[in-house]
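Here are my notes for you to read alongside the picture. Take them slowly, and look up each residue as you go.

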Amino acid sequence: MSSLFFMSSNKSLSSSHYSHSRSFAGTTPSRTFSLSMMEENIENAEAVITKWDPSSSSYTKVTFIFQQSRKEAKEYLKAVKTLRSAMHVLLGERFPSSKIVIAQNLMQLAMKRLEKEFYQILSASRDQLDPESVSNRSSSRSSKFYDEEAEGRSDDELDIAGESITEVERASVLAMSDLKSIADCMISSGYGKECAKIYRIIRKSIIDEGLYHLGIQRFKSSHIQKMDSQALENEIKKWMKAAKIAVKTLFQGEKILCDHVFAASETIKESCFYEITKEGATTLFSFPELLVKTKKVSERIFGLMELHEAVSDLWPETEAVFCSESTSGSKLQALSLLLKLGDSVRSILSDFESTIQKDSTKILVPGGGVHPLTQKVMNYLTSLADYSIILCDILADYPPPANSSFHETSFKSSMPDEGSTPAVSVHLAWLILVLLCKLDIKAEIYKDVGLAYLFLANNLHFIVEKVQQSPNLKLLLGEEWVAEHMKKVKLYASTYEITAWTKVLSSLPEKSFEMSTEMAKECFRRFNIAFEEAYRKQTSWIVQDRKLRDDLKVSIAQKLVPTYQEFYDTYMVMLTEEKNLELLVRFSPDDLGNYLSDLFHGTSISLSPTSSSFPPRSCLPL
């Protein structure tokens, strides 16, 4: 209570205290006139205030002024204002203390009545003053009308002026206006704390109830640890939806109402809102805070990114709602949460990179196919690319541990503007590079060099295809990146051909070389052995991508079949009289094309003993 009204008394209020016939020794005429005026003002105020004394009758005990008649409510507030002004004069002019005591007792009676009225309005208007309704109507024409003009109009005038708004809206804005009028009166009379206490109790229960219905609750770390991925995903989605309503509706609506009701006192306004929302805000942000403290599993990065986006999107409203010094703790909690979520995402990405680098599995993928690590990494990066906007924000100031030459060579012309490569693009390209380095090491496990290069071609082609199939990933890495790595695929494929088919091709003579019958027979024997060996091995090798498989078959056929065709046509004439010719010349040029169609399907096939037993089949490609 304000020190302005410091005196109290148990004396009953009596009209004899306001008698105009009493004389005061030692007072000047002007002082006597002034005292008489104050006595009259106090007497007039007393008539209104005591009329609504709850202890005076059973009627006033159960009836509320603001509910009964807005006109009388306005007169009551005016009477309190008159009483307050009189008390200021009495104190300033050092009038007899007995007058001040009487006025003080009367003021206490008025404040008790206003406390009761304030509580009744808050309790009866819970539905009309729920945060969502207040928030939605805060900028509406009806709210503006009552804020600016309601106090100066009669009930009839309000009825006419309010025809364009609904009854619910009318009840809401009238309640807000009445609460503000009472709060203004009590604050200016030194009873702001009493008014704020009532407000805090009722409004906090409304906020807590709202958060409860939204499913906002305190979790334990052990509870989160026990959740499976689906349960955790559901909980994250539920939290994001609830957080949006909590910040934009519950907290924002409460701030609007609190600011409106306690506009007369910045201190009370801030302290009230702080007390009402501090516990709810702490509980709201506790779930993501616990999540960032749990074990950093790579699959959880997506939930963390969604939470980061949700908190980031809510930051402008969070900053605006918790803008005062007293509520800065909630604002800082939200900001700290945003930073922690970003740190967790970056930490998981770093751990994922380490997982690739430290992968020590000695899995020998049959036939040089796509390694499980390649599939795992590319599926993960494809999913990450779908969160590129969030990742751009999280990774903006955190470059990967790659040198500048990597950045320049990887993105020298892949982005629209030089020097504007997004951090997320660099990070994803870096992770692919780490994967490629690991694949180089895994290729060394293969004893056959040709198979090792086919393994590299398969895996790099799979990587490039995954990039091309993902619009977001392709956009982030750019056309230049795709083109450069397709060149590497072709280089690996070419190296495979050289290492795997050189022995077969070298068994045939050069075009200008002339040989005897015996030499020709020896060439056929060497070719048979080399081709059979290559065929036997490479039918068990695998190329999963149909286009790459067909391209390799066509490329091998274009190098091998014409050379063999020329050799075959030249020397078959010399060998027509040879006995057992089918054992010496086991393959016709057409047979080669058919046999090559068996390659890269991952199923080992043995050659037929003679070309005549080779069943007729379609030609390349298959």
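1. First, some ground rules. This is a predicted model, where local features need pLDDT of at least 70 and side-chain atom pairs count only at pLDDT 80 or more, while totals for chains, interfaces and linings use all residues. Residues are numbered from 1 along each chain as its sequence is written, and side-chain values use heavy atoms, with hydrogens and water left out.

2. What is the chain built from? You'll find 25 helices and zero strands in the protein chain. (Both are DSSP runs, numbered from the N terminus: helices are H or I with at least four residues, strands are E with at least two.)

3. Of the 622 residues in the protein chain, 50% are buried. Buried means under 20% relative accessible area, exposed means over 50%, and partly exposed lies in between (1.4 Å probe, protein chains only). The chain exposes about 30600 Å², with carbon and sulfur atoms supplying 53% of that; the areas come from the Shrake-Rupley method with a 1.4 Å probe, and for residues only the protein chains shown count as cover.

4. Now look at contacts (heavy atoms within 4.5 Å). Taking those in the protein chain between residues at least 6 apart in sequence, 80% join residues at least 24 apart.

5. How many disulfides does a search of the whole structure find? It finds zero, a disulfide being a pair of cysteine sulfur atoms within 2.5 Å. Cys272 is in none, as its nearest cysteine sulfur, in Cys258, is 4.9 Å away. Cys272 is also buried, at 0% relative accessibility. For Cys185, the closest cysteine sulfur is that of Cys195, and at 9.7 Å it is too far for a bond. Cys185 is buried too, at 8% relative accessible area.

6. Helix α23 (residues 546–571) packs against helix α25 (residues 589–596) at about 160°, with the axes 9 Å apart. So α23 is roughly antiparallel to α25. Axes are lines fitted to C-alpha atoms, for helices over the stretch in contact, and angles run from 0 to 180 degrees between N-to-C directions. Under 35 degrees is roughly parallel, over 145 roughly antiparallel, 65 to 115 roughly perpendicular, and the rest oblique. Residues in the contact include Ile556 and Leu560 of α23 and Leu592 and Leu596 of α25.

7. Compare helix α15 (residues 328–358) and helix α17 (residues 388–395), which pack at about 100° with axes 10 Å apart. That makes α15 roughly perpendicular to α17. Here Gly342, Val345, Arg346 and Leu349 in α15 meet Leu391, Ile394 and Leu395 in α17.
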